[in-house]
Structure formats: structure tokens, C-alpha cells
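Thank you all for coming; I would like to take a few minutes to go through one model with you, and I will give the cut-offs for each term as I use it. Please have a look at the display before I start.

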Amino acid sequence: MSLFLGSMRQHIPGHKELTEKSEVLHLMPKQNVYIPLVHGRSTDKDFNVLVSEGDAVKVGTKLAETKAGLYVPIYSSVSGTYKGTEKRMHSSMRPQVHMVIEADGKQESIQAFEPQDYTKLSRQECVDFVQQAGIIGLGGAGFPTYVKYGKPNGVDVVLINAVECEPFITADYRNVMDDPQDLVTGCLIMKKMAEVDQVYICIKESHPDLIEQVKKACANAQGVDVRPVPDVYPMGWERVLVREVLHKEYGNLPAEAGAIVDNATTAIAMAQAFTRGQAITQKTVTISGNGIKKPSNVSVPVGMPVNEIIEACGGYSCDSVRVIAGGPMMGKTLIKDEFVIDRAMNAITVLKHVEDDAIECLRCGRCSDHCPAGLQPVRISMAVKANDVDEMIKRGASSCIECGLCTYVCPSHINVTENVRKAKRVIALKKK
Ligand code: SF4
Ligand code: SF4
């Protein structure tokens, strides 16, 4: 039974109250930022570095850009001196090359590019601008946004995802609450690029204050409206959002259902690029969980070391914690906190370590009942134990979105999601 087709609609305690109403802390690195020279599958070898060791840089200086394939520029997030590259652990759990910049603390900035009046540009010129500005999906995926608007044939609506369904994370809430006008401007730009008449900003019904704030901001924006959605998990997954709002299913991409789905903070970043010539150099990140002393939203330059942010948030609340890049359901647990804030990152969750108390599978079927992708995680787990790759493929393990629900609902406390992740890795290896 699929989560949103049956009675198993799952509300998960959000713990949002830990951070959503408090002031955003503005932090700077003690000395260096380490900007990852990586994007998606592109690693350092795929980038042209545009600065030399010892060069002075400002906030907005272009540091590097991809040589071929998807165009991704990287801009400096601080003013200071470029010190070369260094290999460090990345939030993807792999060592990656980072560009090291010694910050001078002055945060002198340049316009990363000339601002543009989107109302005077053609649709294609807007898309080209978004490409050059390096706007990427800020809901966690980091996919270059211009690609979605390349050929909008058959698209008749843009859905702005302001759902933020994972527990603890309130960075989008804060960004939208603090900057609703840029959100609406971003929506109007997306509306133009997608050549549609309607943009829906999707916000959880449980956030009436945010709904109110955004409704006010889009009062004069024709074709931009708020669409409240239920507070169930994973409402922020674009397939579920399309199903909920448009009552449509699709195979691979939302465009097949006539929709482009973009994150709310991405829309804000887009407005800032057009109106101020501002690149994505600063991030609002939620630092929360029961393992941190002072849960907070922080605003930090891209490349800020996570251990320095943890320290500024009062440190860990106990000796043994789990540091997760992202939220507790879909994030990745890292062994150490020695990684940095990347451009697409919106949360660090710190949880008290709990001893593994898993017992045998009860064959209760709850994991299958709740899987929003319609999978049978217990069957995939069994295939993983038996190392039966054909069965993993047959059971569709690759369609898992790693939402974490199967682990969350398992009464035996089995980390079912991790087993399905293993199956995905095994299948990917086999396909290589
Ligand atoms: S983690 Fe994967 S298998 Fe588990 S419930 Fe989510 S989509 Fe289904
Ligand atoms: S929810 Fe847990 S106990 Fe129930 S079938 Fe799935 S893995 Fe087994």
C-alpha cells in the first residue's frame, strides 16, 4: 500500500520548535573556508581553476567552473587569499579536493555578475543567466537549475517546494519567513522560464504563520498562489508533491506530469542573482537534534568547517553522538565532524548515540505498508542478506528514495533503509 493512497499517512514529530522561531546566528570561520571542488559526479579534474595561489579574492570572485558537460561555476564565499587546494573529507562521505581560502574577516564583495531585469529578457536569456549564475537546487540535490527550464514543452505548472518535511530542519522556513518578497520574485522568474500561467508555493498546513506571510507577499503576483499541503512524511519528495497537488503520477521526471518542481530557497537565490548579481555564497543551515547544546539556524559562508559551527552552537550535549549531514531520515551519518558546509547543504543533525537494539524481523509488513515508493523493503533486506542481486533488482531497490520511513516504522528496530541502500550500491556496482 502506498503511503498517500491508503490509511498509512505518517506524521513524524518535527521537533521544529527547537530552531524555527529563534534568530539566525551569523558566523564566520576562525581562519579558512574550504570550498569543495566537486559537484554531483564532477570532481576536481572536471573543473578549470581560475585563480592562482596567493591571489586576493572577494565574496563573489569566480574561483572555478566546469570544463564540459553541465555548467557549474564556483564563487568565493569570503574575502581573503586563495591558498591552493587540499584533499579533505566531504559530506558525500568521500575525500574530495577543496579550494582553501584564508578569510580576512572583511567580507568585501563584488557583484559576481551583472544583475538583470528579468522582465526585459527573453525566456532563453533568463535561462542562460541562471546557468551563468550557477543557480542549483538548494533542497539538497544541488542539480543545476537551468537544465529543468531548457525545454519546458508540455509543462503547465511550477510547484515551489517549501514543505521541508524532514524532522528538525527549519532553514527553508527561516529563509521564506525572512525573505518572502524574493521568494515571489523567484517564482515570477520561474513562471516566465517555464512559460506557464501558474506557480503554486506548497507549504505544510501546520505552518499557518508561513502561509499567511507568503500569501501577503504574493497578493499582487498574478498566477503565484500558496497551496497548503498535509503535514505527512515525505510530502517534500517531488513525486508525492505532484501526486498531492496535481493528482498525477509520472515515470522519471515531473515534466511528464506537466510540472517543474523547485525548492523555495532556490527561488530566493534566483531572485538575488537577478536583482543583486549575487551568487550562492552564503547558506542558512539548521544545526539541531538532541545531541547539540544550542540548536540554531546559522548563516555561514559556503565552505565553513562544521566543527566550528558545532562549537558556536555550544558543542555536543553528550560524549557519544551521531553527526548527520542533512536530516535524520535522509541524511548521511559521518564518522567525524571534519567536513564543511557545501552549497546544497541545509542541515546538520546531531543525535545522541543509541545502542543497536535490533531484534529479528517480525514479518509484520509495516515497512512495505509505509514505503512511499511502493517497495517491499523487508524483501529487499532478505535479498541483501542472501546476496541475491537478481532479487534486489526484481524488487526494484533502485527506486528507493532513501526516505528512512521503513527504519522509522520498524518495531524490531532494524535499519531497513541501510539494507536497501546496500542493495542500491550492489546493483549500481553490477551495472558498472
Ligand atoms: S527508505 Fe526506500 S525502501 Fe525504505 S520506505 Fe523509503 S523509499 Fe521505501
Ligand atoms: S517493519 Fe521491520 S519487523 Fe516489520 S516486516 Fe519490515 S523489517 Fe520486518
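Predicted model: local features only at pLDDT ≥ 70, side-chain atom pairs only at ≥ 80, totals over all residues.

Residues are numbered from 1 along each chain as its sequence is written, chains are lettered from A and ligands numbered from 1 in the order in which they are written, and side-chain values use heavy atoms, with hydrogens and water left out.

Let me start with ligand 1, and with its neighbours, where a residue is near a molecule if one of its heavy atoms lies within 4 Å of it. The residues that surround ligand 1 are Cys 371, Pro 372, Pro 377, Cys 400, Ile 401, Glu 402, Cys 403, Gly 404, Leu 405, Cys 406 and Thr 417. If we sort this shell by class, counting Ala, Val, Leu, Ile, Met, Phe, Trp, Tyr, Cys and Pro as nonpolar, Asp, Glu, Lys and Arg as charged, and the others, Gly among them, as polar, then the shell around ligand 1 has 8 nonpolar, 2 polar and 1 charged residues.

Where does ligand 1 sit? Ligand 1 sits in the largest cavity, and sitting there means that more than half of its atoms lie within 2 Å of the grid points. On a 1 Å grid over the protein atoms alone, a cavity is a set of points where a 1.4 Å probe fits but cannot get out, while a pocket is an open set with protein on both sides within 12 Å along at least five of seven lines, and lining residues have an atom within 4 Å of a point. Grid points are joined across faces, edges and corners, and a volume is the space filled by probe spheres set on the points.

The structure holds 2 cavities of 30 Å³ or more, and the largest cavity has about 110 Å³ of space. It is lined by 14 residues, of which Cys 371, Leu 375, Cys 400, Cys 403 and Cys 406 are the closest to its centre. Helices (H or I, at least four residues) and strands (E, at least two) are DSSP runs, numbered from the N terminus, and on that basis α9 and α12 (416-431) each give at least two residues to this lining.

Pro 372, one of the residues around ligand 1, lies in the loop between α8 (366-370) and α9 (377-385). Is Pro 372 buried or exposed? With buried meaning under 20% relative accessible area, exposed over 50%, and partly exposed in between (1.4 Å probe, protein chains only), Pro 372 counts as buried because its relative accessibility is 4%. Between Pro 372 and Cys 403 there are 31 residues in sequence, yet the C-alpha to C-alpha distance is 8.4 Å.

Turning to ligand 2, its surroundings are Cys 361, Leu 362, Arg 363, Cys 364, Gly 365, Cys 367, Val 378, Cys 410, Pro 411, Ser 412 and Val 416. Of these, Cys 410 is buried, since its relative accessible area is 13%.

The second largest cavity holds about 40 Å³ of space, and its lining consists of Ile 35, Pro 36, Val 38, His 39, Ile 74, Val 302, Asp 342 and Arg 343. As for open spaces, the second largest pocket contains about 660 Å³, and α2 (171-178), α6 (264-276) and β13 (282-288) are the elements that give two or more residues to its lining. By class, that lining has 10 nonpolar, 15 polar and 5 charged residues.

On the cysteines, a disulfide is taken as a pair of cysteine sulfur atoms within 2.5 Å, and by this rule the count is 0 disulfides. Cys 313, for instance, is in no disulfide, and the nearest cysteine sulfur, that of Cys 318, is 15 Å away.

Finally, the backbone: a cis peptide bond joins Tyr 233 and Pro 234, with omega about 0 degrees, and Pro 234 lies in the loop between β11 (224-229) and α5 (238-246). Phi is near 55 degrees in Asn 387, a positive value in a residue other than glycine, and Asn 387 is exposed, with a relative accessible area of 57%.
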